[in-house]
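Okay, everyone, thanks for coming. Let's get the structure up on the screen and walk through it together.

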Amino acid sequence: MLTDYSFKNNIKLFGYDHKYDCEDKTLNNQRCRDSMQAINIKRIIDKNPESKFIVFGGHGHTFYNYEDIKPMGQYLKEILPNMKIVSLNQLYYIDSFGEQESIFKLLNNKYKLDTPHLIKEENTYFDYTIIQSDKEIGYWYKAKTGILPQKIKINKNKGYYVEVISKLTNITVFKGKIEQIKNNQIYLPEGKYKIIYYDTNYNLLN
């Protein structure tokens, strides 16, 4: 979905997770990878000094500190000291990670989790955490917005799971259980899509 949105709005996409040949040969593989991620991102920023940037990465890489590993997020803060960097965690409280279920239940008593909440963190990992229940299909697919104006109807009688693929990029932009889709419809960016249905064992139905 983000790839589609980028193409349509002339937003440039860059890869940064490559070229692991570290100058510092004392670094282990993980530290080498994270340090080179940061260096590659800095190179892109240096070539586009007037631009704004959003960096997507696995949350372990966007940490500021993590046990004995210095993550990419910490490297970025060190090599870009004059740039304001805000780290957003979007996964830590999702309750599909079994070990987080008790945390999710506690949070659910405090927040109404049918909409996302932005929480300022007091730890050293992130600046903010976005918490969102995964008990049903994500909030951002439910309603028509400026970014998601196109209604996609889902046939609840055709299968158990559904997958929606962009015809522009051939990338899956939505996947989930049909029974969890409110009103049998979702909203996506304007475009052409292919809808695929599966049975309970994830066998293709059409």
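Predicted model: local features only at pLDDT ≥ 70, side-chain atom pairs only at ≥ 80, totals over all residues.

Residues are numbered from 1 along each chain as its sequence is written, and side-chain values use heavy atoms, with hydrogens and water left out.

Those E labels are strands, and helices get an H: both are DSSP runs numbered from the N terminus, helices (H or I) with at least four residues and strands (E) with at least two. The protein has five helices and eight strands. Reading from the N terminus, the order is α-α-α-α-β-α-β-β-β-β-β-β-β.

Back to our pair. E5 and E8 are antiparallel and joined over six bridges; two strands count as paired if DSSP finds at least two bridges between them. E5 also has E6 (residues 172-177) as an antiparallel partner, with five bridges. There, tyrosine 161 has lysine 177 of E6 as its bridge partner. E5 and E6 make a hairpin with five residues between them, and asparagine 170 in that turn has a positive phi of about 60 degrees.

Buried here means under 20% relative accessible area, exposed means over 50%, and partly exposed is in between (1.4 Å probe, protein chains only). In a regular strand, side chains alternate between the two faces of the sheet. In E5 both faces are covered: Tyr161, Glu163 and Ile165 are buried on one side, and Val162, Val164 and Ser166 on the other.

That brings us to the largest nonpolar core, which has 13 residues. A nonpolar core is a set of buried Ala, Val, Leu, Ile, Met, Phe, Trp, Tyr and Cys residues joined through side-chain atoms within 4.5 Å. Ile154, Val162, Val164, Phe174, Ile186 and Leu188 touch the most other members. E5, E6, strand E7 (185-188) and E8 each give two or more residues to this core. There's also a second, separate core of eight residues, including Ala38, Ile41, Tyr75 and Leu80.

Take isoleucine 186: leaving aside neighbours within four places in sequence, its contacts are Tyr141, Gln150, Lys151, Ile152, Val164, Phe174 and Ile181. Contact means heavy atoms within 4.5 Å. Over in helix H4 (residues 72-79) sits glutamine 74, which counts as buried because its relative accessibility is 17%. Not counting residues up to four places away, glutamine 74 touches Phe63, Tyr64 and Asn65.

Most residues other than glycine have a negative phi. Asparagine 10 has a positive one, about 55 degrees, and is found in the loop between helix H1 (2-8) and helix H2 (29-47). Is asparagine 10 buried or exposed? Exposed, because its relative accessible area is 71%. Tyrosine 202, in the segment after strand E8 (193-198), also has a positive phi, near 65 degrees. At 32% relative accessible area, tyrosine 202 is partly exposed.

Among contacts between residues at least 6 apart in sequence, 59% join residues at least 24 apart. Okay, that's my tour!
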